[in-house]
Amino acid sequence: MMNEQFFMVLRDNRKEIIANTIEQLSLGTEYVPKEVLKDSQLKPIIVEVLDLIELVDEQQEQRLQTFFRGSKRLTWSIATVLHIFDCIGLSVYQLIDELAIIEDMTKEEQLIALEKRVIPLRNRFVQLHVDMWENTLEIQRLALKELTAPLIPIFEKISVMPLVGTIDTERAKLIIENLLHGAVAHRSEVVLIDITAVPVVDTMVAHYMMQAVEALRLVGTRSMLVGIRPEIAQTIVNLGVQMHDFETESTLQRGVEKALRSINRKIIEVKDS
């Protein structure tokens, strides 16, 4: 067990430990990018770890939780965080060895005692670091889910879903889900699925589009596929995809005009008098 003398020396020699740690980090640039060495958070993180070494159990956990709730978000990789801990541990051990502050313990016993304090702390720090990023990714995933396939009401009873980019299986399922929920929520009688910005329509994409049309039909909503460019039309024909149940238009504008006619409405140009 580390004695109070050890912690006192740790506090009295903090500047030296920090300097040695940063020096050790600068030698391992494969783990620590140069931008981390210049990061204003580096020294405060080292100080925080040195403070945490002195705490145990509930006190340490409470301090860790407070740190991760209030700190600026660390953009460092797990490898970098692990290496920082290793360098702090090495610097502290070198200090112990140099000052011989624990005379009744062999070097091996000193190293084991230090590891028992540093390694559990390192593991918990890393776990909280991972949890923080997983939480961030989950928030981004939910935000992306809302943005990747939005159903936008443009007129009463008419909505548009503009699709951009490649459609994979996961995104296709999300599109169908958003179409159904959105059509019901907006009370849409006609939904225009705009694929103008979809670069490739293959058999899988066409299959999911047919599923979307059928799903909308079951909730009483008419659907229309718009934005079919000539190359996309040719691809669909070459694939032999049967799209007889699809109502289609070449552009979004023509689709909107057709949708308006289907609900007995039209856009009238008002001339200046």
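Two strands count as paired when DSSP finds at least two bridges between them. Keep that in mind as you open this predicted model.

**Stop 1: the strands.** Select residues 190-197, strand E3, together with strand E4; the two pair in the parallel sense over 5 bridges. E4 itself covers residues 222-226. To see one of the bridges, pick Asp194, whose partner in E4 is Val226.

Strand E5, residues 248-249, runs parallel to E4 and is joined to it by 2 bridges. Is E4 mostly covered or mostly open? Color by accessibility and you will find it mostly covered, with 4 of its 5 residues buried.

**Stop 2: the largest nonpolar core.** Next, select Leu50, Trp76, Val92 and Phe125, which touch the most other members of this 37-residue core. Which helix gives the largest share? That is H6, with 9 residues. H6 spans 78-99, and other elements giving two or more residues include H4 (42-53) and H7 (107-148).

**Stop 3: another core.** Finally, select Val198, Val205, Ala206 and Phe246; they are among the 29 residues of another core, which lies apart from the largest one. As a parting thought, nonpolar side chains in soluble globular proteins tend to be buried together.

Methods:
Residues are numbered from 1 along each chain as its sequence is written. This is a predicted model: local features need pLDDT of at least 70, side-chain atom pairs count only at pLDDT 80 or more; totals for chains, interfaces and linings use all residues. Side-chain values use heavy atoms; hydrogens and water are left out. Buried means under 20% relative accessible area, exposed over 50%, partly exposed in between (1.4 Å probe, protein chains only). A nonpolar core is a set of buried Ala, Val, Leu, Ile, Met, Phe, Trp, Tyr and Cys residues joined through side-chain atoms within 4.5 Å.
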